[in-house]
Amino acid sequence: MSGLNMNDVSMTFELPNGGSVEALKNINLNIKKGELVSVLGPSGCGKTTLLNILAGFLAPTGGDIELNGHAVTGPDSERGMVFQQGALFEWMNVSKNIGFGPKMKGTPQAEIDEKVKELLDIVGLQDFAEKMIYEMSGGMQQRVALARCLANDPDVILMDEPLGALDALTREKMQSLVLDIWKKTGKTIILITHSVEEALLLGERLIVMAPRPGRIHKEYQLPFAELGVGADLREVKRHEDFGSTRDEILNMIWDMEEEIMGRVDS
Amino acid sequence: MTFLNTTIPASFMEAVRFNTPPADEVGSLISTTLWMIVGIFFIFAIYMLFSAASWLIDKLFNKGRDKAKGYTSLKTVTFGDESAVVANRFASVASVVALFFFWALATGSSLLGPIQLPAPFLGEAEFEYTATNATGATDTGKVSVLVYPFGESPDQAKADNTNSGFAMDNAIKVRERRTALLSSRTIGAKETEGFAITQINGENVSPGGSVDIDAGTVFVTEKGSLQIRPYPGMTMESLYLPSPEEVWSSFIRLNKEGYTGVGLWENVFWSLIRVVLGFALGCLFGIPLGFAMGLSNWFRGWFDPIVEFMRPVPPLALIPLIIIWFGIGEQGKISLLFLAALWIMTIAARAGVSGVNISKVHAAYSLGATKRQLLTKVILPNSLPEIFTGARVAMGVCWGTVVAAELVAAEKGAGKMIIAASKFQLTDIVIIGIIIIGVIGFAIEVLMRKMENRLIPWKGKG
């Protein structure tokens, strides 16, 4: 079975004081190849835990995950990851960072150079090949992170709030870039975010998660990602369904937060 | 005896000997400390007075030259903003000049020209004394005094006794800042009964008293002899602190001739080579050890007790053991430096591993890196800043330790030169040694910082 399949994935942490936390409970999700999925939820709903399980950094306490028919048991270059920040290698320049994955696999240098050049074009960093990471702004660093992930040609790209630390303007540009890359490469992308607008823009399929225990609350199929490819994202935001869906989800999350607060108070 | 409401058994008190410190010893300890507070405050106050004077000069003649430039100059809040504080270079130079000034002043250096503290009396002087005998008759004799500088030994001037009375003339030589005794027997007491000195230069004096003369002070002892103390001046004797020019000339001599058959730079070279070898050994074993501790439960558990135990033990405390085990040869000193560097480098490397952002590790694995590639391509470069910080500390500690180790036992080395010279009271060589040790320690630090900037330009920018 192709695509990424999660079957009854559960995650229960033991706490030092003897209690336990159900970070995830019975997650069932099938993601088709080439799908752009955004995952949204209030803090503590287990969305980062889910992504770490998909990446293979955490082993679930229940259920299993399959990618293209084989089980996911640990990190692998078939599942690339883009982190919020701080994951680039400061001791390497931009080209070396992007070429890191192929280099680890022993790809010939000429091939790596060609790949790096192509990716620099895609993320718009043609003139920054020799720059060091610490000389670049946050937005440019995330472009490098995207390119580095793509260099390995992974089946799935996992993004853990990759644009969360960027300012609003840079963020908008990067959202367009993510959409472009999705369209150009046809990769399966799973993106975690805490911004409702971003989740709407960058998800043909939007999954809203709820906390305690972490579970899938609601799913949407949305047209905005397709509309946004190569278009002005501000135009997309003016779409009549955009505002109403946004308000619906915001209310949903607002209620969840209220519920958590209520439980804490009682 | 009770302690915290528990009766301590007598057998314990017998087993552990601890003599209650005598009250007077504790008292003198406390009073010494209090006097030190006064003394340090006094010295510091003089130095700060000098600093204040220099500051005034800077204000008058250095208008705006040391003003901050660029963005910093626009800051209105500078008091409390450490990044806006820049060392005033005039102050740095002036403070060093001040140190040399005090040094020159205290030693009566000729460098200062006319600015001199009163110097000790040197040269010839003369005084008259009046003595009485048993019959009550008085007579006057002359004593000529020759005060000679340290390092010279003039012939004893034998004064001819031209006096016809019972008070005889005599001569005496005294080293500067010292005293000399002229026995009453050499000026007539031997021949004259009831010989007693009553006046010096016409001033009445009784046994136990003293009279000031131009060249210093003359004491009449209880037994009636004369003790001559030439004026000691307010400068320091070169035995305690040689003047800058003396130190400089002996530095030139030391460069040419060396000391005890070993050239000056040969001594420095031996100290340096020990430091480099000991430090290299410490890095060679300490860095892998630190990585092992940062990467494996077993090694963390295995080495934790020894590392945590050895870390607070100062290397100097190991010197006796090292000498017992390895003797005074090179192996002992290099072993000591190895131990000094080892724990510092281990802890630095361990901190380097723990400082790796977990995202970087996850990213590397997601990009297909193996454990080995993760270690060499991510963890090692990422821990370089920590390792370098450790290396700077380790080099500093090693340099301090080598000098101390050589003080105890060595044939060549900067520390050895100092201790050998101190035994013969060659203070100038001791001071040269101290200055060279300080300058080299500083040079090592500067060199390490330069290398750090060169090799890990991303430090602090991650």
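Modeller: In this predicted model, 27% of the 462 residues of chain B count as buried, while in chain A buried residues make up 43% of 266 residues. Chain B holds 12 helices and 11 strands, and its radius of gyration is 33 Å, well over the 23 Å that the globule rule gives for 462 residues, so chain B is more spread out than a compact globule. Taken along the principal axes, the C-alpha atoms of chain B fill a box of roughly 115 × 75 × 55 Å.

The chain is divided into three parts, with domain 1 covering residues 23-112, domain 2 covering 123-230 and domain 3 covering 247-455 of chain B. Between the centres of domain 2 and domain 3 of chain B, taken over C-alpha atoms, there is a separation of 62 Å. Among the contacts in chain B that link residues at least 6 apart in sequence, 65% join residues at least 24 apart.

Strands of a sheet pair through backbone hydrogen bonds, which may be in a parallel or an antiparallel arrangement. Further in, strand β3 (residues 123-132) of chain B runs antiparallel to strand β7 (residues 196-200) of chain B, and 4 bridges join the two. Tyr129(B), for instance, has Ile200(B) in β7(B) as its bridge partner.

As for the partner, 16 residues of chain B are in contact with 20 residues of chain A. On the side of chain A that touches chain B, the elements giving two or more residues are β6 (79-82) and α3 (100-104) of chain A, and the residues of that side divide into 12 nonpolar, 5 polar and 3 charged. Chain A itself has 10 helices and 10 strands; its radius of gyration is 19 Å, close to the 18 Å that the globule rule gives for 266 residues, so chain A is as compact as a globular protein of that length. The box filled by the C-alpha atoms of chain A, taken along the principal axes, is roughly 60 × 45 × 35 Å.

Definitions and conventions. Residues numbered from 1 in each chain as written. Chains lettered and ligands numbered in written order. Predicted model: local features only at pLDDT ≥ 70, side-chain atom pairs only at ≥ 80, totals over all residues. Domains from an automatic or database assignment. Rg over C-alpha atoms; globule rule 2.2 N^0.38 Å. Buried ≥ 20, exposed ≤ 12 C-beta atoms within 10 Å, placed from the backbone. Contact = placed C-beta atoms within 7 Å. Pairing = 2+ DSSP bridges. Nonpolar A, V, L, I, M, F, W, Y, C, P; charged D, E, K, R; others polar.
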